[in-house]
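I opened this entry to keep track of what I looked up.

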Amino acid sequence: MKKILTLIACSVILFSCNKEDDPKKVLRKITVSEITITKYPAANSTGSGWDIGSGPDIYPTIELNGVEIYDSPDYYGDVNNPNEEYKFPVATPLKLDPNVNYTLRLHDLDPTSSEFMISTQFKFTEAQDKDDGNPLIDKVEFNGTSLSYRFTVAFQYDYL
Ligand SMILES: [Ca+2]
Ligand SMILES: [Ca+2]
């Protein structure tokens, strides 16, 4: 019975329970080394494309409490395949708190400014863990109706 309860708890709070059954290991930080956009909205709220005659020029930013903490220096120009994966390496690894709500925003870089496309909130403890068997480097996925994305991360634990 105890095993069943542990399983349920782990599925609710993915990262609070560790895989080795060691109660003294606590996840403290998640370091993001890459952001991959796996789905973006092909049209804006009025149903039009993001640019006239070409696809959007996409890049992500991340906010904490309305303050931008990450702004991708790279963008993909004129993307035209909503099902393709667009990888943004994070040059200075981003250390995030697994228990905090962040906002991921996707933008279309226009010639004179940027056009906001879509945003979503994420918290790592509510993520879908794409476990590849490596306890230190992993992929964490967030899937939405119009926006899906994946983080390549490293976990930092505290041993109590
Ligand atoms: Ca545009
Ligand atoms: Ca464009």
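Which residues does Ile30 touch, not counting residues up to four places away in sequence? I found Leu96, Pro98, Phe124, Val153 and Phe155. I keep in mind that this is a predicted model.

**Confidence.** I checked pLDDT next. The protein's mean is 84, and 79% of its residues reach 70 or more. Residues 1-14 are below 50, and beyond near neighbours in sequence this stretch has seven contacts in the model. Where pLDDT is low, the predicted coordinates should not be read in detail. I left that stretch alone.

**Core.** I then asked for the largest nonpolar core. It has 22 residues. Ile30, Val32, Ile35, Ile37, Ile58 and Val153 have the most contacts inside it. I listed the elements that give two or more residues to this core: strands E1 (25-39), E2 (58-64), E4 (86-96), E5 (102-109) and E9 (148-159). E1 supplies the largest share, five residues.

**Partners of E1.** I looked up two pairings here. E1 and E9 run antiparallel and are joined by 12 bridges. One pair I noted is Thr31 with its bridge partner Ala154 in E9. E1 also runs antiparallel to E4, with seven bridges between them. There I noted Ile37, whose bridge partner in E4 is Tyr86.

**Tyr149.** I picked this residue in strand E9. Is Tyr149 buried or exposed? It counts as buried, because it has 23 C-beta neighbours inside 10 Å and the cut-off for buried is 20 or more. I listed its contacts, leaving aside neighbours within four places in sequence. They are Ile35, Thr36, Ile37, Thr38, Leu104 and Phe142. I also took one distance: the C-alpha atoms of Tyr149 and Lys87 are separated by 9.6 Å, with the two residues 62 apart along the chain.

**E2 and E3.** E2 and E3 form it with two residues between them. The strands pair in the antiparallel sense over four bridges. Ile62 has Tyr70 in E3 as its bridge partner. In the turn, I noted that Asn65 has a positive phi of about 50 degrees.

How many of the five residues of E3 are buried? The count is zero, and I logged strand E3 (residues 67-71) as hardly covered. E2, by contrast, is among the strands that give two or more residues to the core.

How values were computed:
Residues numbered from 1 in each chain as written. Chains lettered and ligands numbered in written order. Predicted model: local features only at pLDDT ≥ 70, side-chain atom pairs only at ≥ 80, totals over all residues. Core = buried A, V, L, I, M, F, W, Y, C linked by C-beta atoms within 7 Å. Buried ≥ 20, exposed ≤ 12 C-beta atoms within 10 Å, placed from the backbone. Contact = placed C-beta atoms within 7 Å. Pairing = 2+ DSSP bridges. pLDDT = per-residue confidence, 0-100.
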